[in-house]
Amino acid sequence: MEFGIQLGGLEPTQYRAHAQTAEALGYDLIVFPDHLVNEGPDRQLDVKSRAFDHIVMAASVIEATRKIRVGHLVLCNLFRHPSITAQSLMTLDQLSSGRLVAGIGSGWTETEFKMSGIPFPPITERLRMLDEAIAVILSLWKNDRTTFDGEFYHLKDAILWPKPVQQPHPPIILGGGGKGLLRLAAKYADYINIVPDAGKRGHISMEVVKRTNDKSFREKVSFVREEAKKLGRKPDAVRISNFVFATIISESKEATRKTAEMMAPMFQQTADELLASPMILIGTPEECIVELKRRAKDWGTAQTIFTGEVGQNEKLMRDLREKVLAHV
């Protein structure tokens, strides 16, 4: 099992310090979001929430570390032409001596497109754009010249040099939960980070969050594996990644139950459903160890990435690693 942390909302110097702490503790991966604004469920928005250029922040963290892998969860395809994305990611892979994880997605936060004037087509079109973009990026990474005449992107004898350090290419991680995105993961991805589907709506909906549970996660894992099989890939070729939005290490089983019962109404779930939710990890160290092992067995998770307070609180980052993750 790989364990990673998503960093976001920090001051620039904190990114480097937190990444160095994560590396020293033995975490496997640091990832960054890619947004112009940081929007919560049902369009909750703090206009003073920090939103830095996380390609630049990835370069800063790469320079501050030596072995931890670095990437994005995930870059928004619509923010950049795939030729530029290919060049930026190649540069990060060169800077890191082959530590890049290449994360890319279709884009989902409608608010940031409306405010900036960047076109925000329907999800079916955005997914077709993402399909072409990944094909373009892979070709630029692999081939001396790329000619591509698609619906959205058109390249003629395009050159990208040098190539990424990692061959045939850096590992690709896609993030999402809709069937269209899961099909693209089955086609291209090395990892699929399964999260509540926000692409069609253009925002995170608590209605969708409510339906994100043990059963829905299993169904999406099965769907990706079946689609991969249809495409001639091994069903387990796409490794399953779990994104944990909230982590609470409690002092007793009674405290675990009390916390779950307190939080459950917010997620419109029962306490038992919340404790098994892919989005949450609540429990004593022993309970968290058992739950992460269950997810590996039942869902096939090969990677767990923690966000929220874990990425902002070094004590929680340390406690999680030393008391829980080191024993999974």
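Let me start with helix 3, residues 82-95, and helix 5, residues 123-142, which pack at an angle of about 50 degrees with their axes 9 Å apart. Please keep in mind throughout that this is a predicted model. At that angle the two elements are neither roughly parallel nor roughly perpendicular, and helix 3 and helix 5 are therefore oblique to each other. As for the sense of the crossing, helix 3 passes helix 5 in a right-handed manner.

Which residues bring helix 3 and helix 5 together? On the helix 3 side we have Pro82, Ser83, Thr85, Ala86, Leu89 and Met90, and these meet Ala133, Val136, Ile137, Leu140 and Trp141 in helix 5.

Now please turn to a second pair, helix 1, residues 12-25, and helix 12, residues 314-324, whose axes come within 10 Å and cross at roughly 15 degrees. Since angles under 35 degrees count as roughly parallel, that makes helix 1 roughly parallel to helix 12. This crossing, in which helix 1 passes helix 12, is right-handed. From helix 1 the residues involved are Ala17, His18, Thr21, Ala22 and Leu25, and from helix 12 they are Glu314, Met317, Arg318, Arg321 and Glu322. The residues of the contact of helix 1 with helix 12 divide into 4 nonpolar, 2 polar and 4 charged.

Staying with charged side chains, a search of the whole structure finds 22 salt bridges. I will pick out one of these, between the side chains of Glu110 and Lys114, where the N to O distance is 3.8 Å. Both residues belong to helix 4, residues 110-116, and because they are 4 residues apart there, about one helical turn separates Glu110 from Lys114.

A further residue to look at is Asp214, which is found in helix 8, residues 214-230. The side chain of Asp214 makes a polar contact, at 2.8 Å, with the side chain of Arg294. Leaving aside residues up to four places away in sequence, Asp214 touches Ala276, Pro278, Arg294 and Trp299.

Where do we find cis peptide bonds? One joins Leu73 and Val74, with omega at about -15 degrees, and Val74 is found in the loop between strand 3, residues 69-72, and strand 4, residues 75-76. Another joins Gln167 and Pro168, with omega at about 10 degrees, and here Pro168 lies in the loop between strand 7, residues 154-158, and strand 8, residues 172-176. Strand 7 also holds Asp157, and this residue has a positive phi of about 50 degrees although it is not a glycine.

How values were computed: Residues numbered from 1 in each chain as written. Predicted model: local features only at pLDDT ≥ 70, side-chain atom pairs only at ≥ 80, totals over all residues. Heavy atoms only, no water. Axes fitted to C-alpha atoms, helices over the stretch in contact; angles between N-to-C directions. Parallel < 35°, antiparallel > 145°, perpendicular 65-115°, else oblique. Left-handed = near helix turned anticlockwise from the far one by under 90°. Contact = heavy atoms within 4.5 Å. Nonpolar A, V, L, I, M, F, W, Y, C, P; charged D, E, K, R; others polar. Polar contact = N/O pair within 3.5 Å; in protein donor to acceptor, adjacent residues only side chain to side chain. Salt bridge = Lys/Arg side-chain N within 4 Å of Asp/Glu carboxyl O.
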